[in-house]
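Here is a short report on helix packing and charged pairs. Please keep the sequence and the model open while reading.

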Amino acid sequence: KADLSKKMMHEGLVSESYPILAELSAKGVDLDNDLLLVQAMETLGMEGIPEMLQTMVERYPQDSRFLGDYGKRLVWGGDAKKGLEFLERLGDDIYKDMDWTLAYLEARNKPDYSELAFVKKYTEDEIQDLSRFLDK
């Protein structure tokens, strides 16, 4: 089944291979299968990817692909502190993927994106002038 699901994924039969990949992952530990499972979930736009990545990080605590993807998703999901913990475990592997690097920098620097939006503050006189203009 493992060889069949890999062949199906490489041929673009993602939705057909997903149930096989999920079954194989539930039955045992196979790094290649689990990488394909997460890839299939992403391709199909499925929910539950962060939870699956958490399982994979527990299953493969030294695998940079799972650590980086999980850490990135945590940071971009709003949990910068927890995401940073996973991204820091990557060491120099952080530079292998631009998304991991950006997520790491974002978690480290904690940027305030509200400063990117320009919000004009109107005086009371300006509001009254605008209101009179719109009433005409």
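## Leu-53 and its surroundings

Setting aside residues up to four places away in sequence, Leu-53 touches Val-38, Phe-66, Asp-69, Tyr-70 and Arg-73. The model is predicted, so local features are taken up where pLDDT is at least 70. Leu-53 sits in helix α4. Its relative accessibility is 0%, so Leu-53 counts as buried.

For a sense of distance, take Leu-53 and Gly-91. The two are 38 residues apart in sequence. Their C-alpha atoms lie 19 Å apart in space.

## Helix α4 against helix α5

Two packed helices are described by the angle between their axes and the distance between the axes. Helix α4 covers residues 49-59, and helix α5 covers residues 64-76. Their axes come within 9 Å. They cross at roughly 140°. Angles over 145 degrees would count as roughly antiparallel. α4 and α5 are therefore oblique to each other. The crossing of α4 past α5 is left-handed.

Which residues make the contact? From α4 come Ile-49, Pro-50, Leu-53, Gln-54, Met-56 and Val-57. From α5 come Phe-66, Leu-67, Asp-69, Tyr-70 and Arg-73. By type, the contact of α4 with α5 has eight nonpolar residues, one polar and two charged.

## Helix α5 against helix α6

α5 also packs with helix α6, which spans residues 80-88. Here the axes come within 7 Å and cross at roughly 160°. The cut-off for roughly antiparallel is over 145 degrees. α5 and α6 are therefore roughly antiparallel to each other. This crossing, too, is left-handed.

On the α5 side, the contact uses Leu-67, Gly-68, Tyr-70, Gly-71, Lys-72, Leu-74 and Val-75. On the α6 side, it uses Ala-80, Lys-82, Gly-83, Leu-84, Phe-86 and Leu-87. Eight residues of the contact of α5 with α6 are nonpolar, three are polar and two are charged.

## Lys-72

Lys-72 belongs to helix α5. Is Lys-72 buried or exposed? Lys-72 is buried, with a relative accessible area of 14%. Leaving out neighbours within four places in sequence, Lys-72 contacts Leu-87, Asp-99, Trp-100 and Ala-103.

Lys-72 and Leu-84 are twelve residues apart in sequence. In space, their C-alpha atoms are 8.2 Å apart.

## Salt bridges

How many salt bridges does a search of the whole structure find? The search finds ten. One of them joins Lys-27 and Glu-23, with the closest N and O atoms 2.9 Å apart. Both residues are in helix α2, residues 14-27. They are four residues apart there, so about one helical turn separates them. Lys-27 is exposed, with a relative accessible area of 65%. Glu-23 is partly exposed, at 28%.

Arg-59 and Asp-34 also meet through their side chains in a salt bridge, 2.8 Å from N to O. Arg-59 lies in helix α4 and Asp-34 in helix α3, residues 31-43, so the pair ties together parts that are 25 residues apart in sequence. Arg-59 is partly exposed, with a relative accessible area of 27%. Asp-34 is buried, with a relative accessible area of 0%.

The side chains of Arg-73 and Glu-42 form another salt bridge, at 2.4 Å from N to O. This pair links distant parts of the chain. Arg-73 is in helix α5, Glu-42 is in helix α3, and the two are 31 residues apart. Both are partly exposed: Arg-73 has a relative accessible area of 26%, and Glu-42 has one of 37%.

Which residues share salt-bridge partners in one network? They are Glu-42, Asp-69, Lys-72, Arg-73 and Asp-99. Several of these names have come up already. Asp-69 and Arg-73 are among the residues that touch Leu-53. Asp-99 is among the contacts of Lys-72.

Definitions and conventions:
Residues numbered from 1 in each chain as written. Predicted model: local features only at pLDDT ≥ 70, side-chain atom pairs only at ≥ 80, totals over all residues. Heavy atoms only, no water. Axes fitted to C-alpha atoms, helices over the stretch in contact; angles between N-to-C directions. Parallel < 35°, antiparallel > 145°, perpendicular 65-115°, else oblique. Left-handed = near helix turned anticlockwise from the far one by under 90°. Contact = heavy atoms within 4.5 Å. Nonpolar A, V, L, I, M, F, W, Y, C, P; charged D, E, K, R; others polar. Salt bridge = Lys/Arg side-chain N within 4 Å of Asp/Glu carboxyl O. Buried < 20%, exposed > 50% of the residue type's maximum accessible area, 1.4 Å probe, protein only.
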